[in-house]
Amino acid sequence: MARPVSSDLTVNVDFIKEQMGSSLDLVHRSFVCGADDRQQGALFCLDTSVDGVQVATVLRGLLELTNPPFDFPKAGSDLIERLSMTVIQAEEVETVTDLDQALNAMLKGQTVVFLEGSATALLVDTRKPPTRAVEEPSTEAETRGPRDGFTEDLMINLALIRRRLRDPRLRAENLVIGRRSRTDVALVYIKDVVRPGLVEEVRRRIERIDIDAVPGSGYIEELIMDNPRSPFGFLNTTERPDKLIGNLLEGRVGIVVDNTPFALIVPTVFWHWLQAPGDYYQNYMVATAYRMLRIFALLTSLIAPSLYTILASFHHEMIPTPLALSMAAGREGTPLPTLIEVLALTIMFEVMHEAGLRLPRAVGQTVSIVGALVIGEAAVMAGLVSPATVIVVSAAGLAAFAIPFYGASQAIRLIRIPLLILSGAFGVFGFVAGTTALAMHAASLRNLGQPFLSPLAPLHVADLKDTALRAPWWAMALRPHVARNAPSRRQRESTGAPSPPDRRRS
Amino acid sequence: MKLRRLAGAALVASMLLATGCWDLREMNQLALVMAVGVDKAETPGRVQVTVQIARPSARGKGSGSENGGGQSVYIATADGDTLFGAIRNLAQFTSRRIMWAHNNVVVIGESLAREDITPVIDFFTRNQELRMRTWIAVARGAEAKEILATATGMEDIPANSISALLRYAQLPGESVRSEVADVTHAFFAPDLNPVIATLMLKPRGLSPTQQPSQAEPGMQAVLAGTAIINKTRLMGYAERETGRGLLWLRAQMSNAVLTIPCPKGKPGTMAVEIRSPKVRRQSRIVGRTPVMQITVATEGWLSEQGCPTPTLRTTDLKQYVTQAMAAKIEAEMRATLDLLQQDLKTDAARYARTVHMQQPDWWRLNGAHWDEIFPQVKTQISVSATITKMSLYTRPMRAHTP
């Protein structure tokens with residue numbers, strides 16, 4: 001299948017032209033150089049993804065070789081080799097003998113040079129794809145901590161990672177995925193920290209992918225996840241380089257995909273849902289309190305509508321009397337059963353959320369006003385829904401957004417609907433059955449060899465320091481269990497709580 | 001294959017829907033009973049049940065009160081051959097399903113209580129919707145329905161006022177706190193007799209717009225001592241001195257105010273508040289009958305000093321007050337014992353339980369005849385009172401003016 005570079009220039013030129021057709025962005029530059037302009041050559045590149053200045057430099061280098069000392073031999077296979085060692089003024093120069101390889105390199109943004117009589121093509125790295133500047137991550141804003149976020153450019157992203165870990169053992173393995181898109185995917189890990197076998201497993205899974213294009217990391221995520229039929233199967237994603245390296249240091253593997261500002265982190269466990277990078281930058285007590293708050297928010301978002309429904313429709317005796325009277329007062333004259341009320345309002349809430357995402361920014365305010373006033377206030381005033389239902393649904397909806405990991409928030413908002421229907425149809429029995437099934441399901445999941453609920457189930461007491469609570473850094477000298485590779489310490493053994501010098505022990 | 005699996009899933013899903021919402025009751029289909037009264041019906045052999053049901057619509061919705069209005073409770077009564085029958089008859093005209101789980105108060109009419117409280121206890125222990133922590137009271141000198149139909153207290157729902165009265169029954173120190181659980185427990189125990197708080201209608205409410213002299217005072221349900229039940233029948237009441245004495249005897253006193261006359265027969269009174277009282281009850285057998293030994297140790301706070309005793313020294317005053325307190329407490333206990341042993345012949349003082357626990361051998365032989373033995377039981381009482389709150393030793397305020 002491989003088609004070698006021909007020593008006949010026209011064959012090579014015809015091949016490229018035939019493959020590319022008459023693309024607007026294809027640049028074909030024929031030139032002559034060498035003594036007496038006897039040497040013919042051709043240069044190909046894609047106008048839009050190269051740095052014009054660099055291409056011109058390459059060209060000038062070739063064109064200026066009109067005189068000895070560089071005397072072109074009539075023909076010779078090592079001509080290109082010699083050129084690449086000498087006159088080409090570029091950082092990265094490569095020679096290939098395969099035409100397909102040369103074509104692919106050109107599509108990536110490299111400049112291809114063919115010379116008459118040479119069965120080798122010269123590839124010069126002149127890439128300059130259109131990129132965005134490094135900006136603050138929009139989905140993971142933090143008050144304290146770095147403000148740079150990943151962009152669509154893999155190289156920029158790797159630079160952001162590399163500048164945080166100047167460790168030669170930080171590796172970024174390149175894989176190319178997508179038959180047509182030929183997307184670069186980088187497996188990022190720290191060689192002596194990562195769990196043995198993990199990188200190999202991730203690589204195997206990614207290499208197995210045979211798809212024509214990978215427009216975003218979500219494709220890779222869905223194609224390598226362990227639990228494709230689970231609502232919790234998704235992987236941890238991040239826009240933040242600091243979050244990524246934090247995970248690398250815990251022995252995980254980052255999958256950075258070109259053209260996506262969202263890197264994947266594997267293995268993913270439940271606690272990632274509740275961890276925000278900011279936790280590590282602020283006081284550990286505050287961070288722990290916020291983690292607890294997020295657990296509360298997660299539970300509220302998941303079970304508050306169901307719990308409200310079973311109380312209001314089945315188990316009135318469980319409501320304290322004054323509250324029961326208030327709820328009964330609110331329900332006077334409302335036409336719908338509680339379940340339908342809660343369901344309808346929840347769906348309306350999601351519609352508002354979705355509309356808010358899609359609407360042009362200028363009319364965004366309209367949505368909140370119409371949503372809050374029309375749906376909430378007016379529905380209560382008209383006696384269509386009871387005020388308690390509005391409070392419960394909006395509290396649950398709001399609580400979902402307190403979960404730092406947006407994917408988890410979406411999953412919770414999805415799951416609460418079947419749970420609500422189950423509770424509304426079967427009362428406390430349905431609720432308990434639903435939540436139990438959910439807990440059992442979560443406990444059964446594994447993610448690249450790591451149980452989803454670990455370190456809680458199975459229990460690793462030492463690792464609980466960074467789950468529902470965030471222990472102070474001086475108390476976390478060991479890496480978590482997931483990364484029990486050779487150097488499992490991340491701090492000196494004697495590092496304890498900081499103390500003033502006069503009280504320091506030896 | 002795939003189609004069959006899909007069809008199976010659809011069938012299972014439709015099964016979920018087919019169950020409907022079994023047992024579903026929305027809150028606006030329920031009548032939340034806040035208080036229930038049980039009386040003898042006019043027709044002999046029948047009982048009459050009165051319920052006080054909250055009307056949520058009277059509370060209004062949310063912030064706007066435009067939907068509110070009307071009475072905050074709906075009071076209805078019906079009779080039947082049995083309690084359950086009477087309640088079923090209520091359903092003939094109450095538009096909503098009666099729900100008992102939020103019931104606060106059970107009131108038993110005096111005439112029914114004098115006859116037999118068994119049906120009430122029976123019904124309220126069998127009904128799974130009723131809570132055993134509901135307050136229970138006897139309507140003294142009244143029918144339960146009269147108590148229920150009276151707008152007592154400051155709450156929207158009179159039943160809430162009554163339940164608050166019963167909850168804080170120990171503050172005046174004359175009535176017991178009686179929950180259905182306690183009464184039922186005593187009812188079924190061979191060595192206990194139930195005691196129940198009582199409510200009485202008294203003209204206590206004044207109008208904010210009319211002078212008291214021009215308007216009839218409104219009726220209010222008032223805590224009025226303790227009803228003493230002999231197994232199944234109301235025998236009589238302990239109130240004021242005997243109400244307090246009963247609490248002392250039962251070791252349930254927590255707080256009371258005693259009035260003490262001035263020393264040396266001078267006009268005026270002092271008030272002492274009983275604080276952290278401790279009561280120990282011991283029994284022993286002397287000859288063939290048990291003798292009870294009741295030891296009371298209490299603190300007192302002098303909360304009113306209305307005696308013209310400028311010359312009395314603090315230590316003398318302290319001695320006088322503590323002795324007067326002790327004498328008063330003992331006198332109240334003696335009066336209660338007279339009431340229980342002579343008049344009512346009912347062991348409401350939990351003597352039987354104490355003897356049963358402390359003298360099991362004696363009880364095994366004689367327990368069955370306790371009703372005959374109880375009036376002969378001797379009681380030795382020793383009371384020690386102290387006053388610790390020094391700041392209250394001062395002379396009366398008026399004694400400061402020369």
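**Close-up views of a predicted model**

**View 1. Helices α11 and α12 of chain A pack together in this predicted model.** Helix α11 (residues 338–358) of chain A packs against helix α12 (residues 364–381) of chain A at an angle of about 165°, and their axes are 10 Å apart. Helices (H or I, at least four residues) and strands (E, at least two) are DSSP runs, numbered from the N terminus. Axes are lines fitted to C-alpha atoms, for helices over the stretch in contact, and angles run from 0 to 180 degrees between N-to-C directions. The angle makes α11(A) roughly antiparallel to α12(A); angles under 35 degrees count as roughly parallel, over 145 as roughly antiparallel, 65 to 115 as roughly perpendicular and the rest as oblique. α11(A) passes α12(A) in a right-handed crossing. A crossing is right-handed if the near helix is turned clockwise from the far one by less than a right angle, and left-handed if anticlockwise. From α11(A), Leu345(A), Met348(A), Met352(A) and Gly356(A) meet Val367(A), Gly371(A), Ala372(A) and Ile375(A) of α12(A), where contact means heavy atoms within 4.5 Å. The contact of α11(A) with α12(A) comprises six nonpolar, two polar and no charged residues. Ala, Val, Leu, Ile, Met, Phe, Trp, Tyr, Cys and Pro count as nonpolar, Asp, Glu, Lys and Arg as charged, and the others, Gly among them, as polar.

Residues are numbered from 1 along each chain as its sequence is written, while chains are lettered from A and ligands numbered from 1 in the order in which they are written. In this predicted model, local features need pLDDT of at least 70, side-chain atom pairs count only at pLDDT 80 or more, and totals for chains, interfaces and linings use all residues; side-chain values use heavy atoms, with hydrogens and water left out.

**View 2. Helices α9 and α13 of chain A pack at about 155°.** The axes of α9 (residues 284–313) and α13 (residues 387–400) of chain A are 7 Å apart. This arrangement makes α9(A) roughly antiparallel to α13(A), and α9(A) passes α13(A) in a left-handed crossing. Residues of the contact include Ala297(A), Ser301(A) and Tyr308(A) of α9(A), and Ala388(A), Val392(A) and Ala400(A) of α13(A). Nine residues of this contact are nonpolar, three are polar and none is charged.

**View 3. Helices α1 and α4 of chain A cross at roughly 55°.** The axes of α1 (residues 9–20) and α4 (residues 99–108) of chain A come within 11 Å. The angle makes α1(A) oblique to α4(A), and the crossing is right-handed. Asn12(A), Phe15(A), Ile16(A), Gln19(A) and Met20(A) of α1(A) make the contact with Leu99(A), Asp100(A), Leu103(A), Met106(A) and Leu107(A) of α4(A). By class, seven residues of the contact are nonpolar, two are polar and one is charged.

**View 4. A salt bridge joins Glu152(A) and Arg132(A).** Their closest N and O atoms are 2.8 Å apart; a salt bridge is a side-chain nitrogen of Lys or Arg within 4 Å of a carboxyl oxygen of Asp or Glu. Both residues lie in the loop between β5 (121–124) and α5 (154–162) of chain A, so the pair ties together parts that are 20 residues apart in sequence. Glu152(A) is partly exposed, with a relative accessible area of 32%, and Arg132(A) is partly exposed at 30%. Buried means under 20% relative accessible area, exposed over 50%, and partly exposed in between (1.4 Å probe, protein chains only). Over all chains, a search of the whole structure finds 37 salt bridges.

View 5. Asp361(B) pairs with Arg364(B), with a corresponding separation of 3.4 Å. These two residues are three apart in helix α11 (residues 360–366) of chain B and are therefore separated by about one helical turn.

**View 6. Backbone features occur at Pro267(A) and Asn259(A).** Most residues other than glycine have a negative phi, and most peptide bonds are trans. The peptide bond from Val266(A) to Pro267(A) is cis, with omega near -10°, and Pro267(A) lies in the loop between β10 (263–266) and α9 of chain A. Asn259(A), although not a glycine, has a positive phi of about 75°. Asn259(A) lies in the loop between β9 (253–257) and β10 of chain A.
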